[in-house]
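Dear colleague,

I am passing on the structure we spoke about, and below it you will find a few notes on what turned up. Please read them with the model open beside you.

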Amino acid sequence: MTTFRRFNRYFTRRIGVLDDHYLGQNRPLGEARLLFEIGTGASLKDLRTRLGLDAGYLSRMVRALEAQGLVRVSVHPADSRLRLAELTAAGRDELAEQHRRADGLAEGLLSGLSEEQRGRLAEAVTVAERLLRLAGITVRAVDAGSADARACLAGFAAELDERFPEGYDTADLVPPARIAVFLVAYEEERAVGCGVLCAPDADTAEIRHLWVHPEARGLGLGRRVLTELERAAVERGHRVVRLDTHEVLKEAATLYRTSGYAEIPAYDEDAHASYWFEKPLPPSPPVPPPVPR
């Protein structure tokens, strides 16, 4: 924790975040970042979600940029309920200058490093970004019929239909009545993964439909959702968890094997299953006795 905070203080000072004239331009970092995020056009709703800003604060920044002739706001052509922010010609010119100055700043920061050291730094930054993204993702139980649950299952089914030689039909999804726990992973309130826990009997749990959105892969999110599903199974009192996978999904089989799952004989007649796995679960923690009053 101390190391992270120390790096944060050092880096924000080096890149000029504390200066009201970020990159030497006549605006603070917040407005400069907003110009970058608007780019070729974005709704104010998307900007609020993407930047995590209060609606009032975002509106004030947008109005300030409008007054400077850098941004124009109009009704979204596809949805009259949304307002769309776009850069004017002057805004595009300033953004181009921002990119030029940012490249110069980065080159200046790295100028004292060798090519090998630059490579090591780039690798370290990539790892840090991946881990910070993973740390910022939340995994929550949702209703199996919710919009986010349905969207995740649609993504899961569409991908398998493309990857499986025999295809995949949405009719093969687990019926909602069989679902005991439905977990959805959220990155900045956007659903980026899911997993389903079924309960065939009191001792056995089954994991189905473990899926991660392509934009969130490589973070370790699949393993995290798998762990959360196992935790849910433990909390429900199950003693063992099972799952199966298709031979095409080699990355899934690797995940299960490296997560403590052992291959077992077929336990179902799933037409898409090539391998079946099982893992014993630790006993659920005892419930503490009530505190006397």
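In which loop does Glu189 lie? Before the reply, please bear in mind that this is a predicted model. Glu189 is placed in the loop between β5 (179-187) and β6 (190-198), and its backbone has a positive phi of about 70° although the residue is not a glycine. Its relative accessible area is 57%, so Glu189 counts as exposed, the cut-off for that word being over 50%.

A positive phi at a residue that is not a glycine also occurs at Leu23, where the angle is about 60°. Leu23 belongs to the loop between α1 (2-14) and α2 (29-38). With a relative accessible area of 15%, however, Leu23 is buried, because the limit for buried is under 20%.

Turning to charge, the surface carries a positive patch formed by Lys45, Arg48, Arg60, Arg63 and Arg83. Two helices, α3 (44-51) and α4 (55-67), each supply at least two residues of this patch, while Arg83 is found in strand β3, which runs over residues 79-87. Arg83 has a relative accessibility of 45% and therefore counts as partly exposed, since that class covers what falls between the 20% and 50% limits.

The last topic is the aromatic residues, for which the count comes to 4 pairs. One of them joins Phe156 and Tyr168 in an edge-to-face arrangement, with 5.8 Å from centre to centre and 90° between the planes. Phe156 sits in helix α7 (residues 147-163) and Tyr168 in the loop between α7 and β5, so this pair ties together parts that are 12 residues apart in sequence. Both partners are buried, Phe156 at 8% relative accessibility and Tyr168 with a relative accessible area of 10%. Ring pairs also bring in Phe164, which is linked with Phe156 and Tyr168 into a cluster.

Notes. Residues numbered from 1 in each chain as written. Predicted model: local features only at pLDDT ≥ 70, side-chain atom pairs only at ≥ 80, totals over all residues. Heavy atoms only, no water. Helix = DSSP H or I, 4+ residues; strand = E, 2+ residues; numbered from the N terminus. Buried < 20%, exposed > 50% of the residue type's maximum accessible area, 1.4 Å probe, protein only. Patch = residues over 30% accessible without salt bridge, like charges linked within 9 Å, V, L, I, M, F, W, Y side chains within 5 Å. Areas by Shrake-Rupley, 256 points an atom, 1.4 Å probe, with all protein chains shown as cover. Salt bridge = Lys/Arg side-chain N within 4 Å of Asp/Glu carboxyl O. Lys, Arg positive; Asp, Glu negative; His and termini not counted. Charge placed at Lys NZ, Arg CZ, Asp CG, Glu CD. Phe/Tyr/Trp six-rings, centres within 6.5 Å; stacked < 30°, edge-to-face > 60°.
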